[in-house]
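The sequence and the model are shown first, and the description follows.

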Amino acid sequence: MWLRFQHRIKTKSRWIKIHIGLDAGSQEVISYEVTLSSGSDAKTLPVLLDKTPKSVKEVIADGAYDTQRCREAIAKRGACALIRPRKGSLLQTNPYPGSQERDDATRIIRVLGNDQEAVRLWKKLTRYGRRSLVETCFSRLKSKFGSRIQSKTFERQCVEVGLKLNLLNLDMRNLTRKN
């Protein structure tokens, strides 16, 4: 980094995003998708769902996934979507599969006061806090393997991420066996 700055070398840093599907009970990664940083989270969810076992009945996600495309993909699988509506979201005038859950959440937040406290109460009522298990998984991943990917090409980065997630799952299985 210092050399680039000192010699005014301009490089485009490329980042990747890792999207995971997590089993809340065992805290094992059941599916993952790696995208470039320029990729949309909402476009990735249907692909991630295709890799997820059919037995999944609930999808918990943050506001980045509050789109018609994501909610339709979740409804198509017969799963329930627990996604925080975006701030200032409106009720749907043209219902689509999965929009009822979104409208219900929006109504509840409005009834509770439509402010930060209302969102906090909605999160408690719906047990939305379970979403933090994903953050815990990323914390375990980074503490075990560091925050850097060693591979240079995107294809190899995908393989490296997959290997690290499989090793993390093995570690979780060994941990649960000991307890």
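## Surface and overall form

The model under discussion is a predicted one.

The chain has 179 residues, of which 34% are buried. Its C-alpha trace spans about 55 × 50 × 30 Å along the principal axes. Of the contacts between residues at least 6 apart in sequence, 43% join residues at least 24 apart.

## Secondary structure

Strand 1 covers residues 16-22 and strand 2 covers 29-36. Strand 3 comprises residues 58-61, and helix 3 comprises 68-76. Helix 4 runs over residues 99-111. Helix 5 takes in residues 116-126, and helix 6 takes in 132-145. Helix 7 extends over residues 154-178.

## Charges and salt bridges

The chain carries 36 positive and 18 negative side chains. The centres of these two sets lie 7 Å apart. Across the whole structure, a search finds eleven salt bridges.

One of them joins the side chains of Arg102 and Asp66, with a distance of 2.9 Å from N to O. This pair links distant parts of the chain, as its members are 36 residues apart. Arg102 belongs to helix 4, whereas Asp66 lies in the loop between strand 3 and helix 3. Both partners fall under the 20% limit for buried residues: Arg102 is buried because its relative accessible area is 8%, and Asp66 is buried because its relative accessibility is 6%. The bridge also forms part of a network of salt bridges that links Asp66, Arg71 and Arg102.

## Salt bridges between partly exposed residues

A further salt bridge connects the side chains of Arg107 and Asp104, at 3.4 Å from N to O. These two residues are three apart in helix 4, so about one helical turn separates them. Arg107 is partly exposed, with a relative accessible area of 39%. Asp104 is likewise partly exposed, at 34%.

The side chains of Glu135 and Arg131 also meet in a salt bridge, again with an N to O distance of 3.4 Å. Glu135 has a relative accessible area of 43% and is partly exposed. Arg131 counts as partly exposed as well, with a relative accessibility of 23%.

## Positive phi values in two loops

Gln27 has a positive phi of about 60°, although this residue is not a glycine. Gln27 is located in the loop between strand 1 and strand 2. Its relative accessibility is 22%, so Gln27 counts as partly exposed.

Arg127 is another residue other than glycine with a positive phi, in this case near 60°. Arg127 occupies the loop between helix 5 and helix 6. With a relative accessible area of 53%, Arg127 is exposed; the limit that applies here is over 50%.

## A nonpolar surface patch

Ile108, Leu112, Leu121 and Leu125 make a nonpolar surface patch of about 320 Å². Among these residues, Leu112 lies in the loop between helix 4 and helix 5. Leu112 is partly exposed, and its relative accessible area is 34%.

Which residues does Asn169 contact, leaving aside its neighbours within four places in sequence? The contacts are with Glu28 and Val29. Asn169 itself is found in helix 7. Asn169 is buried, because its relative accessible area is 5% and buried means under 20%.

Notes
Residues are numbered from 1 along each chain as its sequence is written. This is a predicted model: local features need pLDDT of at least 70, side-chain atom pairs count only at pLDDT 80 or more; totals for chains, interfaces and linings use all residues. Side-chain values use heavy atoms; hydrogens and water are left out. A salt bridge is a side-chain nitrogen of Lys or Arg within 4 Å of a carboxyl oxygen of Asp or Glu. Helices (H or I, at least four residues) and strands (E, at least two) are DSSP runs, numbered from the N terminus. Buried means under 20% relative accessible area, exposed over 50%, partly exposed in between (1.4 Å probe, protein chains only). Contact means heavy atoms within 4.5 Å. Lys and Arg count as positive and Asp and Glu as negative; His and the chain ends are not counted. The place of a charge is taken as NZ of Lys, CZ of Arg, CG of Asp or CD of Glu. Patches are made of residues with over 30% relative accessible area and no salt bridge: like charges are joined within 9 Å, nonpolar side chains (Val, Leu, Ile, Met, Phe, Trp, Tyr) within 5 Å. Accessible areas come from the Shrake-Rupley method with a 1.4 Å probe; for residues, only the protein chains shown count as cover.
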